[in-house]
Amino acid sequence: MPEAPKKSLKATTTTEDQYEYCLAEKNKAALEFIEDVTTNADKVQKKVLAEILTRNARVEYLHRHGLAGYTDRDTFKKLVPVITYEDLQPDINRIANGDTSQILCSNPISEFLTSSGTSGGERKLMPTIDEEMERRSLLYSLLMPVMSQSVEGLEKGKGMYFLFIKSEAKTPGGLVARPVLTSYYKSSHFKERPYDPYTNYTSPNETILCPDSYQSMYSQMLCGLVHNKEVLRVGAVFASGFIRAIRFLEKHWQSLCRDIRIGTIDPQITDPSVREAVSRVLKPDPKLADFIDGECRKDSWQGIITRLWPNTKYVDVIVTGTMSQYIPTLDYYSNSLPLVCTMYASSECYFGVNLNPLCKTSDVSYTLIPTMAYFEFLPVHKNNGTNSISVPKSLNDKEKQDLVDLVDVKLGQDYELVVTTYAGLYRYRVGDVLRVTGFKNKAPQFNFVCRKNVVLSIDSDKTDEVELQAAVRNAVNHLMPFDATLTEYTSFADTSTIPGHYVLYWELSQKGSTQIPPSVYEDCCLTVEESLNSVYRQGRVSDKSIGPLEMKIVETGTFDKLMDYAISLGASINQYKTPRCVKFAPIIELLNSRVVSNYFSPKCPKWVPGHKQWCNNKN
């Protein structure tokens, strides 16, 4: 296996020349590693699979499928099925409930990483082991050496990144269940990282690790403003998170200016560790306060990022997939700075890096790093006459045989990603659809096409059509006393507000004469929210990353107009189905032009950390 690059500079670095030499050597080692593993991609993949199967030869799952110690690819593919989360859930539940036998992995499961994808309305639980943190750290260590090829001098300043932890829970068996980034930020790999100019952030660790989202955001923004001249790059994980940070600044710049002017932090920030960490960087600076005040008072906030942080070279956020809806807003706030997507990762596994980070957002492609896991690819086909993607829920024998290895994918073809990991996932369907855009040596490069079956998404939430239909079905019960029925509906993820929110368009038929009061429509909104998955509800209640759901009642005949419009664009009247989600601007304009009233959810839906059944077990 190619040796991974070293992750930190040598402690013996003293002079500037030595420092620059060490950094150059570190970058060179990282780039050589990428060159090596992509040149020998198939050899590395074969070794990764053999390594996974050898160390896990005695686990129950592989014995159940008759692998009996075989480590070759052909036997593995013949005997081990391609699975979804639902296939694995009984084993996951056993581990969550305290079974410590070697069910999936020979190494102890150290915790569960909670996926943004859901099953039965609850977050999926991905098993992980301690050594996976090393693999994640390895991928992080490749990002800045790649970036430094395109942008010089990044080691000479700071990064202003808005990073946050999210709530965590414990399974009945005592394992922690939390998002992968929360796990990483709380680990010694992040908290005790050796000095590295590329991880020199404006936010002290204490501000990132603060569980109160308001205090965390306020203190991170304050430190970012204090270091405004040193900031060379800005970002967050998702585009939506970075825009929320700018919106926070719009609301609170006066308090932030006051703190900078007098050199003390707002009394609303009560976390002692945060106050102490901020006090180390916050000194009275009336000149800086005046400058920020002057910029924030202006009528337009266009280009506010380059105005307040004038040395910023790019914005580092994910803008692929559903996050692409935020690109116009980012361009507005940043004066069209480059939007950079550096890596591709999930709770199941970290996958790859973008080797051309300054490319157009529409051209973002990720090179999968062959050491991270064993990768297979299920060909995905477009439905006849449409651009919609057809991904079978279960596979027949032929479809199982169609899976191809990393080096055998075809240029231009779409695939669903299937992974086998060191932590105990075997031929697991991730649910991401990728398109092959090119190759780095022997390793393919992929454009992220979409998340399978997702209809609505604002932040990390993912709502599919089946879930939306069930939520609507629950809500229309409120209309029965008024002899009203739902004729048709569709939905829209509205990101023109910050935070964004779901919008439902309902067309009703009412036989009764009693007018439906606004409170009933508000109850319908809340019932929809209560029926959606836990990731959505957490975004509403805890993360504040999603706004209240909105319902727009439209005139009778609106959905007939919608069909007429689709047919005018070439849709077949025989095959036309009302879309359950709309994105095309003219369609949204048509719907909005026929709105007769609108209502919002009156309060947040219920949500508690952890899975519903864990809470029920406690009761």
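Author: A charge sits over a ring if NZ of Lys or CZ of Arg is within 6 Å of the ring centre and within 35 degrees of the ring normal. Keep in mind that this is a predicted model.

Reader: Which residue lies over the face of Phe190, and at what distance from the ring centre?

Author: Arg193 does, at 4.3 Å from the ring centre of Phe190. Another case is Arg136, which lies over the face of Tyr350 at 6.0 Å from the ring centre.

Reader: Which cluster do ring pairs form with Phe190 and Tyr350?

Author: Ring pairs link Phe190 and Tyr350 with Tyr140, Tyr184 and Tyr185 into a cluster.

Reader: How is a pair of aromatic rings described, and how many aromatic pairs are there?

Author: The description of a pair uses the distance of the ring centres and the angle of the planes. In this model the count comes to 21 aromatic pairs. Tyr502 belongs to strand S21 (residues 501-510) and Tyr536 to helix H19 (residues 534-541), so the pair links distant parts of the chain, 34 residues apart.

Reader: Are Tyr502 and Tyr536 buried or exposed?

Author: Both Tyr502 and Tyr536 are buried; the cut-off for that word is under 20% relative accessible area.

Reader: Now the sheet. How do strands of a sheet pair?

Author: Strands pair through backbone hydrogen bonds, and the sense is either parallel or antiparallel. Here an open sheet of four strands runs in the order S3-S6-S7-S8, with parallel pairing. Its edge strands are S3 (158-162) and S8 (339-340), each of which pairs on one side only. Helix H10 (residues 213-226) packs on the sheet and touches S3 and strand S6 (231-238). The direction of H10 makes about 160° with that of S3.

Reader: Over how many bridges do S7 and S8 pair?

Author: Strand S7 (residues 314-318) pairs with S8 in the parallel sense over two bridges.

Reader: Which residues of helix H12 are buried?

Author: In H12 (residues 272-279), the residues Val274, Ala277 and Val278 are buried. Seen down the axis of H12, these buried residues fall within an arc of 95°, so they line one face of the helix. The face turned away from the buried side of H12 carries the exposed residues Pro272 and Glu276.

Reader: What do the buried residues of H12 pack against?

Author: They pack against helix H9 (205-208) and H10. H10 is also the helix that packs on the sheet.

Reader: What should I expect of phi and of peptide bonds?

Author: Most residues other than glycine have a negative phi, and most peptide bonds are trans. In this model, the peptide bond from Ile498 to Pro499 is cis, with omega near 0°. Pro499 lies in the loop between strand S20 (484-494) and S21.

Reader: Where is Asn441, and what is its phi?

Author: Asn441 has a positive phi, near 55°. Its place is in the loop between strand S16 (428-440) and strand S17 (443-451). Asn441 counts as partly exposed because its relative accessibility is 35%.

Reader: And where is Lys544?

Author: Lys544 is in the loop between H19 and strand S22 (550-554). The phi of Lys544 is near 55°, again a positive value in a residue other than glycine. At 46% relative accessibility, Lys544 counts as partly exposed.

Conventions:
Residues numbered from 1 in each chain as written. Predicted model: local features only at pLDDT ≥ 70, side-chain atom pairs only at ≥ 80, totals over all residues. Heavy atoms only, no water. Pairing = 2+ DSSP bridges. Contact = heavy atoms within 4.5 Å. Axes fitted to C-alpha atoms, helices over the stretch in contact; angles between N-to-C directions. Phe/Tyr/Trp six-rings, centres within 6.5 Å; stacked < 30°, edge-to-face > 60°. Buried < 20%, exposed > 50% of the residue type's maximum accessible area, 1.4 Å probe, protein only. Arc of directions from axis to C-beta.
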